[in-house]
Amino acid sequence: MPRFAANLSMLFTEQDFMERFAAAAQAGFTGVEYLFPYDYPAEEIKTRLDANGLTQVLFNLPAGDWAGGERGIAIFPERVAEFRAGVDQAIAYAKVLGNTQVNCLAGIAPRDADMAVLEATFVENLRYAAEKLQAAGIRLVMEMINTRDIPRFFLNTTAQALAIRERVGHANLALQYDIYHMQIMEGDLARTLENNLAVIDHVQLADNPGRHEPGTGEINYRFLFQHLDRIGYQGWVGCEYKPATTTEAGLGWLKSHNAI
């Protein structure tokens, strides 16, 4: 059975961020992930991780003005310096937190943008980040996101991500495969996971529709968890869903799906 990490940006949000670490551990999770750590001192987060016996699994590179609607800056040629500074910031946090993997969010393409320019910028930024992170002992992943929830998000499908990875040409770049996003964009989940297992370093989950916990929608998570075992997936599965009611009320899926 895969190892499950609580996404603290989505779960236990009834509590202040720093209190969510204890709540995740009490619920049975052994790892945590979240969008960003940068609003808090790294040492304070590390204290919470250690106090609760948790592994820091993943966070994102700085992604611009999140509150203002930005969802990544890696595609914008005028923001390369900002992107590179963000790589340094992520490395500094990861070293303190013991985190060995970070995710890159591409960004939302402007309506009038030259897509070839955006892709070329994305490729160069990924190559730069992969090299810098490798030197620090940190793995880089990139995430495909559906264009229904985030219209015009640049990176949408597995095939597109594989093509970009080929262009980047760096071994320290892999895919983050979010089952919810890919169910919406392409389906064929089990076959895609199996065919691309060698380049998938992180998996996330939520059910569809609604982006709620497993068992609330159409995705057969009992089968997929068994499938991940069968194909030999060794990474974490991040629980990045919106609880249908409260986090605690929705945790029954862990037992019903034999996840704990």
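Contact here means heavy atoms within 4.5 Å. The model is a predicted one, so local features need pLDDT of at least 70 and side-chain atom pairs count only at pLDDT 80 or more, while totals for chains, interfaces and linings use all residues. Residues are numbered from 1 along each chain as its sequence is written, and side-chain values use heavy atoms, with hydrogens and water left out.

UniProt, in an unreviewed entry, lists Glu143 and Glu240 under "active site"; such annotations may be inferred rather than shown by experiment. They span 98 residues in sequence, yet no two of their C-alpha atoms are more than 12.9 Å apart, so they gather at one spot.

Glu143 sits in strand β5 (strands are DSSP E runs of at least two residues, helices H or I runs of at least four, numbered from the N terminus). Glu143 is buried, at 5% relative accessible area (buried means under 20%, exposed over 50%, partly exposed in between, with a 1.4 Å probe and protein chains only). Setting aside residues up to four places away in sequence, Glu143 touches, among others, Asn103, Asp178, His181 and Glu240. Its side chain makes a polar contact with that of Asn103 at 3.1 Å (a pair of N or O atoms within 3.5 Å; within protein, one must be able to donate a hydrogen and the other to accept it, and residues adjacent in sequence count only if both atoms are side-chain atoms).

Glu240 lies in the loop between β8 (236-239) and α9 (253-256). Glu240 is buried too, with a relative accessible area of 9%, and its side chain makes a polar contact with the side chain of Arg211 (3.1 Å).
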